[in-house]
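Look at the sequence and the model before reading on. The paragraphs below go from one residue to the whole chain and back to a few details.

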Amino acid sequence: MFFKDKHCPTCPGSGTQVFRPLNTEERKAVKPEHRQLTDLWRCTAVDCRWYQRWSKQSDGGQLPEDLKNPGAAPE
Ligand SMILES: [Zn+2]
């Protein structure tokens with residue numbers, strides 16, 4: 001399964017968010033100590049930039065501002 005539900009530490013509320021694996025562009029933007037990791041996932045909520053290892057929330061961080069999930073911006 002490609003998308004999974006997980007709690008996101010930077011999203012409001014106590015529910016879960018949908019996570020997906022980082023794409024190539026996002027993978028280049030993670031912190032240097034995370035670049036060699038293969039199990040990095042990101043939250044897909046609007047305006048969220050959180051990424052983390054699937055099994056370890058403490059191994060995570062924020063993606064750059066330009067990689068945050070787009071909101072429902074007017075065309
Ligand atoms: Zn989130």
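Leaving aside its neighbours within four places in sequence, with which residues is Leu63 in contact? Two residues are in contact if their C-beta atoms, placed from the backbone, lie within 7 Å. By this rule, and with the neighbours within four places left out, Leu63 touches Glu26, Ala29, Arg42, Arg49, Tyr51 and Lys68.

Some ground rules come next. This is a predicted model, in which local features need pLDDT of at least 70 and side-chain atom pairs count only at pLDDT 80 or more, while totals for chains, interfaces and linings use all residues. Residues are numbered from 1 along each chain as its sequence is written. The quantity pLDDT is the predictor's confidence in each residue, from 0 to 100. Its mean over the chain is 91, and 92% of the residues reach 70 or more.

Now take the chain as a whole. Helices (H or I, at least four residues) and strands (E, at least two) are DSSP runs, numbered from the N terminus. The chain has 1 helix and 5 strands, and along the sequence they follow the pattern β-β-α-β-β-β. The radius of gyration, taken over C-alpha atoms, is compared here with a globule rule of 2.2 Å times the number of residues to the power 0.38. For this chain the radius is 12 Å, close to the 11 Å that the rule gives for 75 residues, so the chain is as compact as a globular protein of that length. The C-alpha trace spans about 35 × 25 × 25 Å along its principal axes. Of the contacts with a separation of 6 or more, 36% are between residues 24 or more positions apart.

The next topic is the sheet. Strands of a sheet pair through backbone hydrogen bonds, either parallel or antiparallel. Two strands are counted as paired if DSSP finds at least two bridges between them. Here 5 strands form an open sheet in the order 1-2-3-4-5, with antiparallel pairing. Strand 1 (4-7) and strand 5 (56-62) are the edge strands, and each pairs on one side only.

Within the sheet, strand 2 (residues 16-21) is joined to strand 3 by 3 bridges, and Arg20 has Arg42 as its bridge partner in strand 3. Another 3 bridges join strand 3 to strand 4; here Leu40 is partnered by Arg53 in strand 4. Strand 4 (residues 50-53) is joined to strand 5 by 4 bridges, with Trp50 opposite Gln62 in strand 5. A hairpin through 2 residues links strand 4 to strand 5.

What makes up the largest nonpolar core? A residue is buried if 20 or more other C-beta atoms lie within 10 Å of its own, exposed if 12 or fewer, and partly exposed in between, with C-beta atoms placed from the backbone. A nonpolar core is a set of buried Ala, Val, Leu, Ile, Met, Phe, Trp, Tyr and Cys residues joined through C-beta atoms within 7 Å. The largest one has 10 residues: Cys8, Phe19, Leu22, Val30, Leu40, Trp41, Cys43, Trp50, Tyr51 and Leu63. Strand 3 (40-43) and strand 4 are the elements that give two or more residues to this core, and the largest share, 3 residues, comes from strand 3. Both faces of strand 3 are covered, with Leu40 and Arg42 buried on one side and Trp41 and Cys43 buried on the other. In the chain overall, buried residues make up 17% of the 75.

Two loop residues complete the tour. Ala29 lies in the loop between helix 1 (24-28) and strand 3. Ala29 is partly exposed, because 17 other C-beta atoms lie within 10 Å. Apart from neighbours within four places in sequence, Ala29 is in contact with Leu63, Pro64 and Leu67. The C-alpha atoms of Ala29 and Leu67 are separated by 8.6 Å, although the two residues are 38 apart along the chain.

Asp47 lies in the loop between strand 3 and strand 4, which form a hairpin with 6 residues between them. Is Asp47 buried or exposed? Asp47 counts as exposed, because it has 10 C-beta neighbours inside 10 Å. Most residues other than glycine have a negative phi. The phi of Asp47 is positive, near 70 degrees.
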